[in-house]
Amino acid sequence: MKVQVSKNFNTLFNNCKDKRGVILEGGSRSGKTWSIIQFLCLYLLENKGVTVTMGRDTLTDFKDTVLPDLLQIMGELGIQSRDDYTWNKSEKHIKFNDNLIRYIGVRDNPNKTHGLRQNIFWLNEIMPIDEFTFDQLEQRTTDFWILDYNPSSTIHWAYDVADKRED
């Protein structure tokens, strides 16, 4: 299968095995979200038994922005509805290849992040998301995490995470 990827995809691919997390910064339409979804879908096609939690500040924002891209990329990768995956809209998760993608709005129910356990989590557009939410997800994540944002502020906890950690 040939998949056109960007430098963001390569950053994820080259760092997910030996780093605890990856932070992607870039402007609007820079391909961050698209690359992350491609990476995660390909990762899930190659692995089984993985739980991925995908989050954005609100579930509405996730459904309006990330979910359509996720479904489009899954289709482009040959993961077809009903034949290859099940989508439980009320439970807000998608299962395929013995893996689970769970999607959440982190500010809709902040306490929900306290009990979630996952192998991987991704927070999309983190500027409105607080550090406590990141900390809760990180301590319940076994493999790695991904954050992305548009640099709309010079003061944010993500800069501290990136600058103070070698992993």
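**Lys 48**

I started with Lys 48, which is exposed at 56% relative accessibility (exposed is over 50% relative accessible area, buried under 20%, partly exposed in between, with a 1.4 Å probe and protein chains only). I am working from a predicted model, where local features need pLDDT of at least 70, side-chain atom pairs count only at pLDDT 80 or more, and totals for chains, interfaces and linings use all residues. Residues are numbered from 1 along each chain as its sequence is written, and side-chain values use heavy atoms, with hydrogens and water left out.

I placed Lys 48 in the loop between helix H2 (32–46) and strand S2 (51–56); helices (H or I, at least four residues) and strands (E, at least two) are DSSP runs, numbered from the N terminus. Leaving out residues up to four places away in sequence, I find Lys 48 touching Asn 97, Asp 98 and Asn 99, where contact means heavy atoms within 4.5 Å. I also checked Leu 100: it is 52 residues from Lys 48 in sequence, and the C-alpha atoms are 9.2 Å apart.

**Asn 97**

What does the side chain of Lys 48 make with the side chain of Asn 97? I get a polar contact at 2.6 Å (N or O atoms within 3.5 Å; within protein, one must be able to donate a hydrogen and the other to accept it, and residues adjacent in sequence count only if both atoms are side-chain atoms). Asn 97 sits in the loop between strand S4 (93–96) and strand S5 (99–105), and I noted it as partly exposed at 22%. Its phi is positive, about 55°, although Asn 97 is not a glycine. Most residues other than glycine have a negative phi.

**Glu 125**

I looked up another positive phi: Glu 125, near 50°. Glu 125 is in the loop between strand S6 (118–123) and helix H5 (131–138). Is Glu 125 buried or exposed? Buried, with a relative accessible area of 19%.

I found no salt bridge for Glu 125; the nearest side chain of opposite charge, Lys 32, is 4.4 Å away. A salt bridge here is a side-chain nitrogen of Lys or Arg within 4 Å of a carboxyl oxygen of Asp or Glu, and for charge, Lys and Arg count as positive, Asp and Glu as negative, with His and the chain ends not counted. The side chain of Glu 125 does reach the backbone nitrogen of Asn 150, at 3.4 Å. Beyond four places in sequence, I list Lys 32, Arg 56, Asp 148, Tyr 149 and Asn 150 as residues touched by Glu 125.

**Cores**

I counted 34 residues in the largest nonpolar core, and Phe 39, Leu 40, Met 54 and Leu 70 have the most contacts inside it (a core is a set of buried Ala, Val, Leu, Ile, Met, Phe, Trp, Tyr and Cys residues joined through side-chain atoms within 4.5 Å). H2 gives the most to this core, eight residues. Another core, of 16 residues, lies apart from it and includes Ile 104 and Leu 147.

**Cysteines**

I looked for disulfides (cysteine sulfur atoms within 2.5 Å) and found zero. The sulfur of Cys 16 has that of Cys 41 as its nearest cysteine sulfur, 14 Å away, so that is too far for a bond. Both count as buried, Cys 16 at 10% and Cys 41 at 0%.
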